[in-house]
Amino acid sequence: MNAPETIRDENSTARSPEHFAARFSRMLNDAAVVIMVSIGHRLELFDLMSRLPPASSDVIAEQAQLSERYVREWLAVMVTGGIVDYDPGHRHYTLDPAHAACLTRAASPDNMAVTAQFIPLTGSMEDRLLDCFRSGEGLPYTAFPRCHEVMAEDSQQTVVAALESRILPLIPGLQQQLQQGIEVLDAGCGGGLALLELARTYPCSRFTGYDLCADAFAETAALAASQGVDNLTFEARDLRDFSESSRYGLITTFDAVHDQPDPAALLRGIAGALRPDGVYLMQDIAGSSVLENNLGHPLGPLLYSISCCHCTPVSLGQGGPGLGTLWGEELALSMLEEAGFVDIRREYLPHDPFNVYFIARRPDPRPQ
Ligand SMILES: C[S@@+](CC[C@H](N)C(=O)[O-])C[C@H]1O[C@@H](n2cnc3c(N)ncnc32)[C@H](O)[C@@H]1O
């Protein structure tokens, strides 16, 4: 996904009710379009339209096997929202190739319609969140419809598609070690698609995925079994007391630490579970721990919104600290240091502007 423009300029321009009202109207329209983009993505309407010549709503609805009346109303949102072009003479609709390049499955890992799904998903939690605001309590993962499904789709784009070409090469020599055979753990693995990809690519290594929610990885585990992938194990496990001894050559967490009930304990557990030459790869949200440093963050409102509606309540709901999505790189770094990690470095990958990749080594257990 390409990084969007910052909204800092919008915030800092001269203030007047007229200016703000105009800006807010744009925000209302954009929010409405994003919800409808999510629907279009789930119904594969963009994928269909990218393959069709200019077509009527009848043709689009028939090909999609959907109700024409609903498809025509959805198209009206897409046309007025500037996503789809309309030829009034023929009543034909067209998806411009430039827009298809950001909204279709064929465009993956640059399909921004995947990300659009977070808006209706978080919005659907409004009633439960009102109670959370009043009580200070959190929510269980099970309260969120489609949470694991959307995360897995997002991970397919940001992690799975880039593992071989971009993410593993961040650690020199790792691909050779995986070829020779090491133990790998993905903690908070969710859908486990990254592990499945790794297990297929590196048959001499063994892969383990732990996640609190068995339903998150159930489908991937079944797929792996049906394909005879026998070097991959998933286990439903609460990582709040994670502790294993010097076993893994590689431990990964993809966007999983800040949701935890005890993130500091998990980091200590990971440090202890690495072999002496093992390495920890932590992908987490890019940004600062300090609000004012995020004023120019290109995805600031989106990330704080996902935090308020999901990441904070799921941590609080487990008795955790509720670090939030934008717990920030300063805090992440200091927590890695406190957990005893050494040789910590940060990497940024252009395909994934949401995230930072921390690479850290386990502390040397030998006395100095
Ligand atoms: C934001 S999701 C990321 C999932 C996956 N790594 C990915 O990138 O798609 C965070 C994951 O942490 C898991 N998780 C949260 N609390 C946990 C706990 N106490 N023990 C184990 N897993 C937990 C959730 O079930 C969820 O799958």
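The salt bridges in this predicted model come to a count of 12. One of them joins Arg105 to Asp47.

**Salt bridges**

- Side chains of opposite charge can pair when their charged atoms come close.
- In the salt bridge between Arg105 and Asp47, the closest N and O atoms are 2.6 Å apart.
- This pair connects distant parts of the chain, as its two residues are 58 residues apart.
- Arg105 belongs to the loop between helix 6 (97-103) and helix 7 (112-116), whereas Asp47 belongs to helix 3 (residues 45-51).

**Helix 2 with helix 5**

- Two packed helices are described by the angle between their axes and the distance between the axes.
- For helix 2 (residues 17-42) and helix 5 (residues 68-80), the angle is about 130° and the axes are 10 Å apart.
- Helix 2 is therefore oblique to helix 5.
- The two helices, helix 2 and helix 5, form a left-handed crossing.
- Helix 2 contributes Val33, Met36, Val37, Ile39 and Gly40 to the contact, and helix 5 contributes Trp74, Val77 and Met78.
- Seven residues of this contact between helix 2 and helix 5 are nonpolar, one is polar and none is charged.

**Helix 4 with helix 5**

- Helix 5 also packs with helix 4 (residues 57-64), at an angle of about 120° and with the axes 9 Å apart.
- Helix 4 is therefore oblique to helix 5.
- The crossing of helix 4 and helix 5 is right-handed.
- On the side of helix 4, the contact is made by Ser57, Asp58, Ile60 and Ala61; on the side of helix 5, by Glu68, Val71, Arg72 and Leu75.
- The contact of helix 4 with helix 5 comprises four nonpolar, one polar and three charged residues.

**Helix 13 with helix 14**

- Helix 13 (residues 193-201) packs with helix 14 (residues 214-226) at an angle of about 15°, the axes being 10 Å apart.
- Because angles under 35 degrees count as roughly parallel, helix 13 is described as roughly parallel to helix 14.
- Helix 13 and helix 14 cross in a right-handed manner.
- Leu193, Leu196 and Arg200 of helix 13 meet Thr220, Leu223 and Ala224 of helix 14.
- Where helix 13 meets helix 14, four residues are nonpolar, one is polar and one is charged.

**The span listed in UniProt**

- An unreviewed UniProt entry lists residues 180-286 as "domain: Methyltransferase".
- In the model, residues 180-286 are 32% helix and 33% strand.
- The end C-alpha atoms of residues 180-286 lie 32 Å apart.

Methods
Residues are numbered from 1 along each chain as its sequence is written. This is a predicted model: local features need pLDDT of at least 70, side-chain atom pairs count only at pLDDT 80 or more; totals for chains, interfaces and linings use all residues. Side-chain values use heavy atoms; hydrogens and water are left out. Axes are lines fitted to C-alpha atoms, for helices over the stretch in contact, and angles run from 0 to 180 degrees between N-to-C directions. Helices (H or I, at least four residues) and strands (E, at least two) are DSSP runs, numbered from the N terminus. Angles under 35 degrees count as roughly parallel, over 145 as roughly antiparallel, 65 to 115 as roughly perpendicular and the rest as oblique. A crossing is left-handed if the near helix is turned anticlockwise from the far one by less than a right angle, and right-handed if clockwise. Contact means heavy atoms within 4.5 Å. Ala, Val, Leu, Ile, Met, Phe, Trp, Tyr, Cys and Pro count as nonpolar, Asp, Glu, Lys and Arg as charged, and the others, Gly among them, as polar. UniProt positions are given in the numbering used here, feature names are shortened, and annotations may be inferred rather than shown by experiment. A salt bridge is a side-chain nitrogen of Lys or Arg within 4 Å of a carboxyl oxygen of Asp or Glu.
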